Amino acid sequence: MEIILARPRGFCGGVIRAVNIVNEVLALQGPPVFVLHEIVHNRHVVKRLRDQGTLFIESVEEAAPGGIVIFSAHGVSDGVFERARERRLRVVDATCPLVKKVHFRARRYSRAGLELVIIGHKGHAEVEGTKGCVNGRVHVVGTVTEVEDLTVEDPGKLAYVTQTTLNIQNTHLIIMALKKRFPSLMGAGLADVCRATQNRQKAVHRLCREIDILLVVGSRNSSNSNRLREVGEQSGCLSFLIEDSGEIDPAWFRNRHRVGVTAGASAPEVLVQGVVERLEALGDAQVREMAGGSEQTAAEMGASRRELDVQATLAV
């Protein structure tokens, strides 16, 4: 068996930043620390932080008045910030900077009097946060069919933003469908789909030229992990999304000898290594990493500023 590891894979800068923020608050303040929703969508990461004293809550009303609450990497609505202020909570905002950029763009369109379309998955935490950042009418579409069924007030005053963790190919088709129906549509193309998401999907496209089967390590509620599996299937490769090595079925590899492994942006590398060890235990295996550029993220380069921001918040 040949095992080929995708590059890049796993943690992106926004996830590194969010997890480090929780760790820093725990170190500075001590447990318990409240986090609104899962800090990132990976049950292994969440469990580790929970074991260290993090309490994950579903509303700011669950946090003690005057206490600390961390907002997850997916972002929250303006209404959540307001409720946190009303409860005198000290907020540490771990929203991914790229999600913040989408919020800024959405607000700018809304203030210009444009009706907003969000391309994304209905009910996803990131989409709900973006919806809650604008005051005007907002629509969420996730397929070309939903674009065809879309009804707006003024077709000449319409703009769109996208969720940051979407399938590039599908998103392009949705944008084209929107532009066909609404020629005056404003938007930034695929710019809202984060670079880490795009890089991981492009790596899977390249990887699928060399393999018989693709394993994507990531949680089932992780949008970007699901999209990697989706990209693998679109590339004609048998693809599975697995939480960890315990979900591997040896029957998958009968008559398949070239295995590709990647990981969603919220999946730690230790899970990838666990998958490799499990595959090696199935028989003789050679492991190599595909060629590809490494990522230097803004979140990593700005680590010292982030730490200062956390310390300043806790000092209030």
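Colleague: Why does Arg88 count as exposed?

Modeller: In this predicted model, Arg88 has a relative accessibility of 59%, and since exposed means over 50%, the value places Arg88 in that class. Arg88 lies in the loop between α3 and β5 (90-93).

Colleague: What makes the backbone of Arg88 worth a remark?

Modeller: Its phi is near 60 degrees, a positive value in a residue other than glycine. Most residues other than glycine have a negative phi.

Colleague: Which value of phi does Asn255 take, and is Asn255 buried or exposed?

Modeller: Phi of Asn255 is near 65 degrees, again a positive value in a residue other than glycine.

Colleague: How do you know that the peptide bond between Arg7 and Pro8 is cis?

Modeller: The omega angle of the bond joining Arg7 and Pro8 is about 0 degrees, and the bond is listed as cis. Pro8 is placed in the loop between β1 and α1 (13-29). A cis bond also leads from Pro31 to Pro32, with omega near 0 degrees, and Pro32 is found in the loop between α1 and β2 (33-36). Most peptide bonds are trans.

Colleague: How do you know that the span of helix α9 agrees with its number of residues?

Modeller: Helix α9 covers residues 223-234, which is 12 residues, and at 1.5 Å a residue it should span 16 Å; the expected span takes 1.5 Å times one less than the number of residues. The end C-alpha atoms of α9 are 16 Å apart, and therefore the two values agree. Just after α9, Gly236 takes a positive phi of about 85 degrees.

Colleague: Why is α9 called largely enclosed by the rest of the structure?

Modeller: Of the 12 residues of α9, 9 are buried, so the helix is described as largely enclosed by the rest of the structure. Among the buried residues are Ser223, Asn226, Leu228 and Val231, and what covers the buried residues of α9 includes the helices α7 (168-181) and α8 (195-207), together with the strands β9 (213-217), β10 (238-242) and β11 (258-263).

Colleague: What makes the pair of Phe71 and Phe81 edge-to-face?

Modeller: A search of the whole structure finds 3 aromatic pairs. In the pair of Phe71 and Phe81 the centres are 4.9 Å apart and the angle between the planes is 90 degrees; with a pairing limit of within 6.5 Å and edge-to-face counted over 60 degrees, the pair is edge-to-face. The pair links distant parts of the chain, as Phe71 is in strand β4 (residues 68-71) and Phe81 in helix α3 (residues 78-86), 10 residues apart. Phe71 has 0% relative accessibility and therefore counts as buried.

Colleague: What makes the pair of Phe240 and Trp252 stacked?

Modeller: Here the planes stand at 5 degrees, with 3.8 Å centre to centre, and planes under 30 degrees apart count as stacked. This pair also links distant parts of the chain, with Phe240 in strand β10 and Trp252 in the loop between β10 and β11, 12 residues apart. Trp252 counts as buried because its relative accessibility is 15%. Ring pairs link Phe240, Trp252 and Phe253 into a cluster.

Colleague: How do you know that the charged end of Arg108 sits over the ring of Tyr109?

Modeller: The charged end of Arg108 sits 5.5 Å from the centre of the ring of Tyr109, and the distance part of the criterion asks for within 6 Å.

Colleague: What makes β10 and β12 the edge strands of the open sheet?

Modeller: The open sheet has 5 strands in the order β10-β9-β11-β1-β12, with parallel pairing, and β10 and β12 (286-289) are its edge strands in that each pairs on one side only. Neighbouring strands are turned by 20 degrees against each other on average, direction ignored.

Colleague: How do you know that β1 and β11 pair?

Modeller: Strands pair if at least two bridges are found between them, and 4 bridges join strand β1 (residues 2-5) to β11, the two running parallel. Leu5 stands opposite Val261 in β11. Helix α8 packs on the sheet, where it touches β1, β9 and β11, and its direction makes about 180 degrees with that of β11.

Definitions and conventions. Residues are numbered from 1 along each chain as its sequence is written. This is a predicted model: local features need pLDDT of at least 70, side-chain atom pairs count only at pLDDT 80 or more; totals for chains, interfaces and linings use all residues. Side-chain values use heavy atoms; hydrogens and water are left out. Buried means under 20% relative accessible area, exposed over 50%, partly exposed in between (1.4 Å probe, protein chains only). Contact means heavy atoms within 4.5 Å. Rings of Phe, Tyr and Trp (its six-membered ring) pair if their centres lie within 6.5 Å; planes under 30 degrees apart count as stacked, over 60 as edge-to-face and the rest as tilted. A charge sits over a ring if NZ of Lys or CZ of Arg is within 6 Å of the ring centre and within 35 degrees of the ring normal. Axes are lines fitted to C-alpha atoms, for helices over the stretch in contact, and angles run from 0 to 180 degrees between N-to-C directions.
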